[in-house]
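Biologist: I have a structure open beside its sequence, and I would like to learn how to read it. Could you walk me through some of its features?

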Amino acid sequence: MANKSADRIRVGVVGGGLAGATLANALVVHAHLDIQVFEAAPRFSERGAAIGLSINAQKALRQIIPSAGDLLARAGAVNMNSNRTMLGSGPAAGTFLFDIAANVEPEVVIHRASLLRELLAPLPQEILHANKTLATIERDGEEGVKVAFQDGTIEYFDAIIGADGVFGIVRNHVLQEATEECAASPAGYWDSRNLVPLEKAKKVLGEKYFEIDYKWSWIGDGAFILHDVLENRSLVQVIISAVETDPPKNRKRPLTKQFLNQTLRGWLDGPIAEGAIELMLDQDDPQGYSQWEHKLTKTYANGHVCIAGDAAHATTPWQGSGAGLAVEDAMVLGTLFRKVTSSKDIPAAFKAYDQVRKPRCQRVIDSSREIARIFCGRNPEISLDPDKLREVIRPRWDFIHELDMEAHKEEAIRLFMGSL
């Protein structure tokens with residue numbers, strides 16, 4: 001299963017979700033690498049509804065896959081003319097606040113499963129291994145890694161990249177004694193999502209919200225509501241998020257009309273909450289899931305092992321950047337591995353990756369946490385004052401959208417070459 005060729009560098013990717021599949025695309029183009037992707041689930045799949053890919057994520061994806069526009073189209077991506085932000089609760093409910101990114105290349109909204117399908121499609125089937133749950137990972141001499149799976153198989157690689165999610169095993173190996181200190185923790189919010197047919201959403205929420213393809217974000221007291229279209233305008237995603245003071249141990253809670261009415265009690269006289277509640281409950285066993293984040297990660301790399309995507313920098317979804325950061329990770333790692341000529345180069349490549357990616361990702365994590373406070377009216381200096389919200393929120397996306405991809409890659413290469 002692993003590379004048997006002595007003249008190729010063996011790279012194992014643990015995790016076959018969006019981060020792992022994007023990473024595989026970034027690496028498989030290099031002929032001197034032998035890439036193998038391992039997914040714990042019985043098949044490669046993505047849980048959840050939709051994600052947004054903003055301009056930075058799309059630029060990074062085009063660096064990896066030049067035909068990314070066609071890939072996104074096949075996956076049913078819908079261009080958002082803007083992220084239209086409204087006030088959802090209180091006496092000013094229904095007030096227009098601002099549009100985000102109306103003057104740049106539009107964000108696209110895409111179903112997670114459809115995007116994964118298209119990312120997997122160009123990869124050779126023989127490198128994709130489902131039902132492979134990682135059991136242990138350890139060094140193999142000075143320049144290798146030994147991984148064992150729960151099915152009893154053992155594989156040897158020159159490098160391992162963990163893309164196995166917020167609670168992934170590879171993260172523990174990278175952090176070693178700092179694992180507990182850097183463990184994921186509740187962010188203080190929960191969210192729930194549902195997909196409904198477009199025509200039903202129009203009927204329940206109102207036709208006016210679907211005349212133009214906006215991502216509608218509703219800010220209010222203790223909660224947040226979002227709705228947007230996807231799957232070639234056939235479906236609408238509805239999200240309700242709210243403050244969570246008592247995170248359940250199993251990270252989810254059942255949603256009932258009584259619970260949602262109580263959560264959104266300050267919203268019910270406004271234009272959106274009742275319809276959003278109706279659509280959220282239009283599914284079997286609706287659940288609210290706790291948001292978890294990595295408030296601190298001391299390093300993304302340890303020798304011949306590194307972590308990427310949520311395994312490295314799980315963030316709350318308030319700035320819609322989790323998937324985009326994973327794509328950027330893949331772009332940087334793909335750039336670095338183009339320069340890796342032997343197993344001895346790998347620690348330097350991973351060190352450069354850590355140096356260039358960690359500051360940006362940590363900034364997004366911290367910024368997203370503060371956006372949550374603002375969106376839910378929990379920043380006492382801003383509260384739900386429309387003028388203050390307009391002043392404070394819009395600039396907080398600039399550093400995310402304006403990343404210079406070429407400069408970012410060049411910095412990674414500079415750091416890598418300086419470490420050799």
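Modeller: Gladly! Let us begin with a term for accessibility: buried means under 20% relative accessible area, exposed over 50%, and partly exposed in between, using a 1.4 Å probe and protein chains only. By that rule Glu118 is buried, because its relative accessibility is 10%. Before going on, please note that this is a predicted model, where local features need pLDDT of at least 70 and side-chain atom pairs count only at pLDDT 80 or more, while totals for chains, interfaces and linings use all residues. Residues are numbered from 1 along each chain as its sequence is written, and side-chain values use heavy atoms, with hydrogens and water left out.

Biologist: Thanks. How many salt bridges does the structure hold?

Modeller: A salt bridge here is a side-chain nitrogen of Lys or Arg within 4 Å of a carboxyl oxygen of Asp or Glu. The structure holds 26 of them. In one, the side chains of Glu118 and Arg74 meet, at 3.1 Å from N to O. This pair links distant parts of the chain, 44 residues apart: Glu118 belongs to helix 4 (residues 112-120) and Arg74 to helix 3 (residues 68-74). Helices (H or I, at least four residues) and strands (E, at least two) are DSSP runs, numbered from the N terminus.

Biologist: Is Arg139, which meets Glu142 in a salt bridge, buried or exposed?

Modeller: Arg139 counts as exposed because its relative accessibility is 57%. Glu142 is exposed as well, at 65%. Their side chains meet at 3.3 Å, N to O.

Biologist: Which residues are linked with Glu293 in a network of salt bridges?

Modeller: The network links Glu293 with Lys295, Asp366 and Arg369. Within it, the closest N and O atoms of Arg369 and Glu293 are 2.9 Å apart. That pair joins distant parts of the chain, Arg369 in helix 11 (residues 346-375) and Glu293 in strand 18 (residues 287-293), 76 residues apart. Glu293 is buried because its relative accessibility is 0%, whereas Arg369 is partly exposed at 24%.

Biologist: Now for the sheet. What is the order of its eight strands?

Modeller: Two strands pair if DSSP finds at least two bridges between them. This open sheet has the order 6-5-14-15-16-13-18-17, with mixed pairing. Strand 6 (96-100) and strand 17 (252-254) stand at the edges with a single partner strand each, so one side of each has no neighbour in the sheet. Further in, strand 13 (residues 185-197) and strand 16 (residues 235-243) pair in the antiparallel sense over nine bridges. There, Trp190 has Ala242 of strand 16 as its bridge partner.

Biologist: Which strands does helix 8 lie across?

Modeller: Contact means heavy atoms within 4.5 Å. Axes are lines fitted to C-alpha atoms, for helices over the stretch in contact, and angles run from 0 to 180 degrees between N-to-C directions. Helix 8 (residues 273-280) lies across strand 13, strand 15 (223-230) and strand 16, running at about 110° to strand 16. Helix 11 also packs on the sheet, touching strand 13, strand 14 (214-220), strand 15 and strand 18, and its direction makes about 65° with that of strand 14.

Biologist: What is the phi of Arg251?

Modeller: Most residues other than glycine have a negative phi. Arg251, though not a glycine, has a positive phi of about 65°. Arg251 sits in the loop between strand 16 and strand 17. Asn131 has a positive phi too, of about 60°, and is found in the loop between strand 8 (128-129) and strand 9 (134-139).
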